[in-house]
Amino acid sequence: MRPSHVDEFIEHGYTKIKASDDLLFMLRRQLQLGRALHASTIEQKRRIFIGNGVGAKGYWPSGDEYSEFYNIKQTNHICHERRYRSFDFSLEPDGAGRNVTEEILQAPNIWPDWIPDFQDVSQRFLKSLNAIASKTLVDSLSKLGIAAGMDDFSRSVGTMRLMKYPKTDGSEILLPAHSDYEFITVSYCDVPGLEVVSKTGEIIPIEEEPDDLVLMAGDFLEILSGSVIPAPVHQVRPARERYSIVSFLCSNYGLCIRPGEMFAHEETPHNDPFSPAKHLCTMHLVNNPHLTDRVRSGQLNYLIPKDLRNPLKRSD
């Protein structure tokens, strides 16, 4: 990333970079796999339904597919109102979970085994995007005098999401205004539609060219940078059917943050450290009906907050 991109990222919380020829080939291949997945039959999608797993990975239905997977009367409004379909996965876990947070974040992926090369290509591609995001993060923090290393993100507990938005006339907001939880989000799409919402309410369309990657800061980076790097509020309003790839970079499990500092919780006397992994786990439990049900039934011993809004962006 050029210095100008780093400066833009620090100031606005987002920037665009041009993909290399090799990366562009991988992006288009991954987008092709995403289209194949979304074109699968309902019976095939049931095999990779997110509700089949113990974590937050797998296929998310929406729209006319929704009732094929969920009893609408028993699910929360957050899931029911989603306007896009997605398939979520992470780096392959390197061990069994020792507690609820690890059990959720390091749950096995659920792969569409009827699509050739899907798992192998997706894992290699996720590692490539994580490397780009990690380099951007480390370079940006270095300019602010904050120490962080690529190794702090080599086992990111974040996910990649292969998304499909339905056809619209371009007036509908299909993904409402929000900021992402994680450190950095990397996105690529076949149809523009991403918009940033400024603090004054101005809508800023992001002009996404066919070889553009958009990098956007999340809440965790805003915290770590001491609010110097903002986590932009953004939304999606596509003019036609849109496929996109979105990668969410998080830190390795066990790392904690506070303004200007990242550290391993076990090695510090600090009180009340903020754990990105625990926050992600909480929001997964809130936003996934099958996980919420496991908590309510007592299968998972975890306290879900009564206020389901993102606490990092909650206004008093």
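**Cavities, strands and residues**

Modeller: There are 2 cavities of 30 Å³ or more. A cavity here is a set of points on a 1 Å grid, laid over the protein atoms alone, where a 1.4 Å probe fits but cannot get out. Points are joined across faces, edges and corners, and a volume is the space filled by probe spheres set on the points. The model is predicted, so to speak of local features pLDDT has to be at least 70, and side-chain atom pairs count only at pLDDT 80 or more, while totals for chains, interfaces and linings use all residues. Numbering runs from 1 along each chain as its sequence is written, and side-chain values use heavy atoms, with hydrogens and water left out.

Colleague: What volume does the largest cavity have?

Modeller: About 50 Å³. Its lining, meaning residues with an atom within 4 Å of a point, consists of A56, K57, I104, L105, V157, T159 and H284.

Colleague: How does that lining divide into nonpolar, polar and charged?

Modeller: Into 4 nonpolar, 2 polar and 1 charged. Ala, Val, Leu, Ile, Met, Phe, Trp, Tyr, Cys and Pro count as nonpolar, Asp, Glu, Lys and Arg as charged, and the others, Gly among them, as polar.

Colleague: And the second largest cavity, which residues line that?

Modeller: L31, G34, R35, H38, L162, M163, Y243, S244 and I245, around about 30 Å³ of space.

Colleague: Which residues of β3 point which way?

Modeller: R85, F87 and F89 go one way, S86 and D88 the other. In a regular strand, side chains alternate between the two faces of the sheet.

Colleague: What does β3 pair with?

Modeller: β2 (residues 58-60) is joined to β3 by 3 antiparallel bridges, with Y59 opposite F87. β3 also pairs with β4, antiparallel, over 5 bridges, and in β4 the partner of D88 is R161. Two strands pair if DSSP finds at least two bridges between them.

Colleague: What is the order of the open sheet of 4 strands?

Modeller: β5-β10-β7-β8, with antiparallel pairing. β5 (175-178) and β8 (203-205) are at the edges with a single partner strand each, so one side of each has no neighbour in the sheet. Neighbouring strands are turned by 25° against each other on average, direction ignored. Axes are lines fitted to C-alpha atoms, for helices over the stretch in contact, and angles run from 0 to 180 degrees between N-to-C directions.

Colleague: How many bridges join β7 to β10?

Modeller: 4, between β7 (residues 194-197) and β10, running antiparallel. One of the bridge pairs is L194 with V236 in β10.

Colleague: New topic, single residues. Where is E92?

Modeller: In the loop between β3 (85-89) and α6. E92 is partly exposed, because its relative accessibility is 28%.

Colleague: What is E92 in contact with, leaving aside neighbours within four places?

Modeller: N109, W111, Q119, Q123 and R155, where contact means heavy atoms within 4.5 Å.

Colleague: H279, buried or exposed?

Modeller: H279 is buried, at 7% relative accessibility. H279 is part of helix α9 (residues 276-287), and its C-alpha is 9.6 Å from that of E182, 97 residues away along the chain.

Colleague: Last one, the backbone. What is the phi of D117?

Modeller: Near 70°, a positive value in a residue other than glycine. D117 is in the loop between α6 (100-105) and α7 (118-143). S227 also has a positive phi, about 70°, and is not a glycine.

Colleague: Where is S227?

Modeller: In the loop between α8 (219-224) and β10 (233-236). S227 is exposed, with a relative accessible area of 54%.

Methods. Helices (H or I, at least four residues) and strands (E, at least two) are DSSP runs, numbered from the N terminus. Buried means under 20% relative accessible area, exposed over 50%, partly exposed in between (1.4 Å probe, protein chains only). On a 1 Å grid over the protein atoms alone, a cavity is a set of points where a 1.4 Å probe fits but cannot get out, and a pocket is an open set with protein on both sides within 12 Å along at least five of seven lines; lining residues have an atom within 4 Å of a point.
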